[in-house]
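Please look at the sequence and the model shown below. The paragraphs that follow lead from one residue to its surroundings and then to the chain as a whole.

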Amino acid sequence: MAQSLELLLIQFLMPDNDARRQAEDQIKRLAKDPQVVPALVQHLRTAKTPNVRQLAAVLLRKRITGHWAKLSPQIKQEVKQSLIESITIENSPPVRRASANVVSVVAKYAVPAGEWPDLLTFLFQCSQSAQEDHREVALILFSSLTETIGNTFRPYFADLQALLLKCMQDESSSRVRVAALKAVGSFLEFTSDGDDVVKFRDFIPSILNVARKCIASGEEDVAILAFEIFDELIESPAPLLGDSIKSIVQFSLEVSCNQTLESSTRHQAIQIVSWLAKYKHTSLKKHKLVVPILQVMCPLLAESSDQEDDDDLATDRAAAEVIDTLAMNLPKHVFPTVFEFSSMYCQSTDLKFREASVTALGVISEGCYDLIKEKLDIILNIVLGALRDPEKMVRGAASFSLGQFAEYLQPEILLHYQSFLPCVLNAIEDTSEEVKEKSYYALAAFCENMGEEIVAYLDPLMGKLMAALQNSPRNLQETCMSAIGSVAAAAEQAFNPYAGRVLESMKFFMVLTNDEDLRARARSTELVGIVAMSVGREGMEAILPPFIDAAISGFGLEFSELREYTHGFFSNIAEILDDTFAQYLPRVMPLVFASCNLDDGSAVNIDESDDENVNDFGGVSSDDEAHDEPRIRNISVRTGVLDEKAAATQALGLFALHTKSSFAPYLEESLKIMDKHSGYFHEDVRLQAVTGLKHILAAAHAIFQTHNDGTGKANEILDTVMNIYIKTMAEDDDKEVVAQACLSIADIMKDYGYVAIQNYLPPLVDATLLLLREKAACQQVEDESDDDDDDAGHDEVLMDAVSDLLPAFAKCMGSHFEPVFANFFEPLMKFAKASRPPQDRTMVVASLAEVAQDMGAPIAAYVDRIMPLVLKELGSRHATNRRNAAFCVGELCKNGGETALKYFNDVLRGIYPLFGESETDLGVRDNAAGATARMIVVHPQLVPLNQVLPVLLKCLPLKEDQEESMAVYSCIYSLVLASNPQIVSHVPDLVKIFGQVVESPVEKAEVKAIVGRTFSHLISVYGDQLHPLLSGLPPSQANALAALASTG
């Protein structure tokens, strides 16, 4: 075989394709015989030309795996010996590397079996050889062997790390340094033990040194390897970087802004800074690196390119990601530098810097929203000015930033509608398609949150939007429909005059079937659902059937986004039709179930093709990778399917909520789906399942309340739902999902009372405590250990939801909540520390106020701990904090018993300024009135009524927070009923106040009833003396008051 094989190897290397194919076929046949191994080894050692020796090594690597076990010990020994000789004696570097690749494959089987005990000894000797070639090939082997027999190296890790460090510092050979760098990358990728990983911290200076030299010599691919090593170090939870973070950032920034380098190299450098911003932002702050990073990244935003290719490597996009990530994690450290950059360059003569200055403001708007709001006038002036720039790139950046502001600067941005809307209305008629599209997005995001202010703009808005809808290309029609949807949602019933024309237009879009039109069809289906919500049941029910038919027909078009939007459409229709939506359940439930049960879209294709069926010999490069294991060729997640699944899960819950008992045929299957989806891998689907489970529970209660064994079945469903919620609180890693689980449990307590949670109290309390202590799965953040109270240590939405659980407990347990509350109190008070942000403190105060209200007298034991905090919050510069503090002091005084008495004077002094002209928030004043009323009711003798009543009555009727009305007017009723002398002189004021209350559309019936009883008592005492006061009221108020008094 040896002789014939040599001829075939030579023939295979000939330029003649026919001769080559013949040789390949014969080599394949010979390769099935195990004796091909010693034959190839012989040619590896003795062939005269390097090309033949290299080809022999390549073929040996590919075939030795299948034959190794069949070889005799003698041949195995010869193979190993020949490979060692080839590595050490061979003069050709390609042949030497090809032989090293064979060693790696053989070692995978021989070393674990104890058949090659001297291999590591040889490699250590080789790596310290005086010959550069030997050192290099030994390091190459260390790299490849790590992937195959890495565990064998574990006892020698300390020696190996010392060796690699020495080789990386080898000043005599760049090849050795590069090989050592690659070996470090391989070992780091293999190493999982924290103690071993920490040792790589010492390598960072050498890695940087090698990377710098590679950049200087043009070996950018090696420098990229250094960045990949840094990537591994950054993502490790171990504190690996230390002070080296400064050197890593400096090098990364140098590479980032070096325009002579390849875009892929620069992108890797920027990506390292991005990972540092994400995982090690506290270290960046500690080492004062945030500003230097921003001083490089902000100008990189000006490197925008008109070219569409390689968008993923675009420098400006990568820089924007860094700025965004920093803003999300360190807003206070980011905003000043970005604001300075934008202010400096917004008037630049360089259009790309003008573009960058505006883009930067949009990029930071989510993370720095609180800080932007404080300078919103100035910043909005910059961006709106850019929207009038002569260059379309700058106008495009401005429209992008306005969209970001509209999304993230709510509600403050809405106060600027008079300047915002006219500018955006002009921009949607821009000559640039890009500016138009982004302006539609900005308009949609802005209008979505507007209230009645939008009514004045409806005519110009709808005129331009409907014209654009008729005359624009499809992509702009889609964004235009999104904007119309936002306008309709904001305008509510005021949209009715425009609804008919919009709905008529949508009939055209809802029957489009060409692939390129299906996204527009999806948007139109969504828009009809939104318009239906504005018009309401009365305006829609009669005209719905053709829209329902069109929506259902869309499910046959195999377009996931259309199915997603159609589920949203049906969710809206269910909401307006309520129980009469039951008529559509037989048609829509199979569609919802089908979407819910779709394959999740994780596709993994394994290539297990045998070498015999593949052309293995398409090249002789020794760098060909061996594929001894099945290889993963493709991993994909079809996000469209996820969105569809989430929309279907949401629809399922809403159908159950609105159709109640008619949902019975679908209850069991729906509960199974919700149960399954509550543990789904993607948080969007889990969120909808966690939301929908309480709707399934509501339907179950309606269904089973008339059944003989209904209680048992309803309790089974309650058991499933509560166990899912409690597990979610403790174990789910997504904060929004956990927050929704907390809110859902709070709703269940409010809807069904203590009976719903009594069997789950211990685990529910434990899960709540876990969240209050910030120990739940969703609160575990891989970051460095240094605490940072200044920059969000938790998610505000999550903790607001957790704190809402405490009042829910108190509401359904009353005074029996106290033993449970005792466990919650200290973990809750941690959020009230002075070092915490204002929103944390007001969250605590709001929670305590509601607990005090519903738990009642047991709150007295906590008054001394709570009152100093709340009195301080009365003077907060944040209106929400003052409002909650005023409510809380009132409840503490009302239910705090003897303990609270000593604080009455302090409370009165604290709330007095809240009635003054300097208090601009009406809700704060209303809550101050409520607190005063509660104090008067429980201890009128401790309140100087002669001073307090004039101030209290002056702020009536309440202007914003009518939840306080009952406390206020009950107080007045008690004073009038007791004929308190201090109230008598204010009877004329009371009559005027009462007249406004009884005619108010926002006051509840029970409030008007107490006012009627109070006025009735005044009539019984003063009789005809009140007639002049009544006649002084507007007739409508006088009549309403007289009517109430007659029934009171």
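**From one residue to the whole chain**

Apart from neighbours within four places in sequence, Ala767 is in contact with Ile726 and Met729, where contact means heavy atoms within 4.5 Å. The model is predicted, so local features need pLDDT of at least 70 and side-chain atom pairs count only at pLDDT 80 or more, whereas totals for chains, interfaces and linings use all residues. Residues are numbered from 1 along each chain as its sequence is written, and side-chain values use heavy atoms, with hydrogens and water left out.

Ala767 belongs to helix H39 (residues 761-772); helices (H or I, at least four residues) and strands (E, at least two) are DSSP runs, numbered from the N terminus. Is Ala767 buried or exposed? Ala767 counts as buried because its relative accessibility is 5%; buried means under 20% relative accessible area, exposed over 50%, and partly exposed in between (1.4 Å probe, protein chains only). Ala730 lies 37 residues from Ala767 in sequence, yet the two are 5.5 Å apart in space, C-alpha to C-alpha.

In helix H31 (residues 544-553), the residues Leu544, Phe547, Ile548, Ala550, Ala551 and Ile552 are buried. Against which helices do the buried residues of H31 pack? Their partners are helix H28 (496-509), helix H29 (518-535), helix H30 (537-540), helix H32 (560-577) and helix H33 (585-596).

Aromatic rings come next. A pair of aromatic rings is described by the distance of the centres and the angle of the planes. Rings of Phe, Tyr and Trp (its six-membered ring) pair if their centres lie within 6.5 Å; planes under 30 degrees apart count as stacked, over 60 as edge-to-face and the rest as tilted. The whole structure holds 23 aromatic pairs. One of them, Phe335 with Phe339, is stacked, at 5.4 Å centre to centre and 15° between the planes. Both residues lie in helix H19 (residues 331-345), four residues apart, or about one turn of the helix. An α-helix has 3.6 residues a turn, so residues three or four places apart point the same way. Phe335 and Phe339 are both buried.

Phe825 and Tyr862 form a tilted pair, 4.9 Å centre to centre with 50° between the planes. This pair links distant parts of the chain, 37 residues apart: Phe825 is in helix H41 (residues 818-829), and Tyr862 is in the loop between helix H42 (838-855) and helix H43 (863-873). Phe825 and Tyr862 are both buried. Through ring pairs, Phe809, Phe817, Phe821, Phe824, Phe825 and Tyr862 are linked into a cluster.

The chain contains 54 helices and two strands, and its C-alpha atoms fill a box of roughly 130 × 75 × 65 Å, taken along the principal axes. Of its 1048 residues, 55% are buried. Among contacts with a separation of 6 or more, 74% join residues 24 or more positions apart.
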